[in-house]
Amino acid sequence: MNSSERERAAQAASAAGDGLFVRALERGLAVIRAFDGSPPELSLSEVAGRAGMSPAAARRYLHTFVELGYLAQHGRTFVAQPKLVELAFPYYATAAFTRPVEAELERLATEVGESCALTVRNGAFVTNVVCANAHRELAIQIQVGRQLPAYCSAMGRILLAALPADEVREVLESAERVRHTAHTVTDLAELIGIIERARTCGYAVGDEEFQVGIRSVAVGVRNASGEVVGAVSISAAAARVPTSTLTAELLSKLRSTAERVEVHLATGSVR
């Protein structure tokens, strides 16, 4: 169980005391969250381990989701199905900011020829909530709903930079700081220094730290109260776009987009 899951489990345990909390639903959602795309297909034991339950319990949930069409079974493994997207529809249907923000990101993606996203933080992780993928050949494809570790992503680092220093340390200490690539920084002191620099300069970079071949730059966006509630980013193929291009040429365009996104967030519902 990762740090984000432990945080959710603690919240669930607290909520369970009021007699209204449905534990079975919480456990079912844990099974769904196990399918994070890495790897695309999971075995019964892998789902059980990620969801923090016995294989017998995981089997019942998996069977139910397969019957409902949210998952499919391929021999001994299970894979997410497009029907899962339906679960996110209520959020997108009621969030007033999503369509105009998507338009801003599409405009940026077209201008720079790279894929862009609006991302929010969830504990030690960040999640893409709006994406605009570039249509050029070999462009990085960003997925709505994709969850990334905050410590090794540009989006996560700029969102952490908005927190008080003691809270940053707490989040980093609780995170499972996995070395995803040879470039991943996992040392606590070094990460704190990186986030401090992001706070000072107003942007953060992720350079092939979560996935080889992808580098990103991100800036924070604020709501009407001046609180940083999300991050907008540009992600590009490392083989084609050096870090210097991200910061010297694309950053200014990203900041301009962030300013326009903030106008939409002022009347939207990200918080």
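1. A residue is called buried when its relative accessible area is under 20%, exposed when it is over 50%, and partly exposed in between, with a 1.4 Å probe and protein chains only. Glu208 is buried by this rule because its relative accessible area is 14%.

2. Some notes on the basis of what follows. This is a predicted model, in which local features need pLDDT of at least 70 and side-chain atom pairs count only at pLDDT 80 or more, while totals for chains, interfaces and linings use all residues. Residues are numbered from 1 along each chain as its sequence is written, and side-chain values use heavy atoms, with hydrogens and water left out.

3. On the overall make-up, the protein has 10 helices and 9 strands, where helices (H or I, at least four residues) and strands (E, at least two) are DSSP runs numbered from the N terminus. Of the 271 residues in the protein, 45% are buried. The exposed surface comes to about 13,600 Å², of which carbon and sulfur atoms supply 53%; accessible areas are from the Shrake-Rupley method with a 1.4 Å probe, and for residues only the protein chains shown count as cover. Among contacts (heavy atoms within 4.5 Å) with a separation of 6 or more, 59% join residues 24 or more positions apart.

4. To return to Glu208, this residue is found in the loop between β7 (204-207) and β8 (214-222). Its phi is near 60°, a positive value in a residue other than glycine. Leaving aside residues up to four places away in sequence, Glu208 touches Thr181, His183, Gly213, Ile214, Arg215 and Ala238.

5. The next points concern helix pairs, for which axes are lines fitted to C-alpha atoms, for helices over the stretch in contact, and angles run from 0 to 180 degrees between N-to-C directions. Angles under 35 degrees count as roughly parallel, over 145 as roughly antiparallel, 65 to 115 as roughly perpendicular, and the rest as oblique. For the residue classes, Ala, Val, Leu, Ile, Met, Phe, Trp, Tyr, Cys and Pro count as nonpolar, Asp, Glu, Lys and Arg as charged, and the others, Gly among them, as polar.

6. Helix α2 (residues 23-33) and α4 have axes 10 Å apart and pack at an angle of about 75°, which makes α2 roughly perpendicular to α4. From α2 the contact takes in Ala24, Arg27, Gly28, Val31 and Ile32, and from α4 it takes in Ala57, Tyr61, Leu62 and Phe65. By class, the residues of the contact of α2 with α4 are 7 nonpolar, 1 polar and 1 charged.

7. Helix α3 (residues 44-51) also packs with α4, at an angle of about 105° and with the axes 9 Å apart, and the two helices are therefore roughly perpendicular to each other. Here Leu44, Val47 and Ala48 in α3 meet Pro55, Ala58, Arg59 and Leu62 in α4, and the contact of α3 with α4 has 6 nonpolar, no polar and 1 charged residues.

8. Two arginines in these helices deserve a look. Arg60 is found in helix α4 (residues 55-68) and counts as exposed, at 55% relative accessibility; Arg60 and Gly28 are 32 residues apart in sequence and 9.5 Å apart in space, C-alpha to C-alpha. Arg50, which lies in helix α3, is partly exposed, with a relative accessible area of 25%, and its C-alpha is 8.0 Å from that of Ala30, a residue 20 positions away in sequence.

9. For helix α8 (residues 165-174) and helix α9 (residues 188-201), the axes come within 11 Å and cross at roughly 135°, which makes α8 oblique to α9. The crossing of α8 past α9 is right-handed, a term used if the near helix is turned clockwise from the far one by less than a right angle, anticlockwise being left-handed. In this pair, Ala165, Val168, Arg169, Leu172 and Glu173 in α8 meet Leu188, Leu191, Ile192, Ile195, Glu196 and Arg199 in α9, and by class the contact has 7 nonpolar, no polar and 4 charged residues.

10. Lastly, Thr110 has its place in helix α6 (residues 98-112) and is exposed, with a relative accessible area of 65%. Thr110 and Ala132 are separated by 22 residues in sequence and, C-alpha to C-alpha, are 9.0 Å apart in space.
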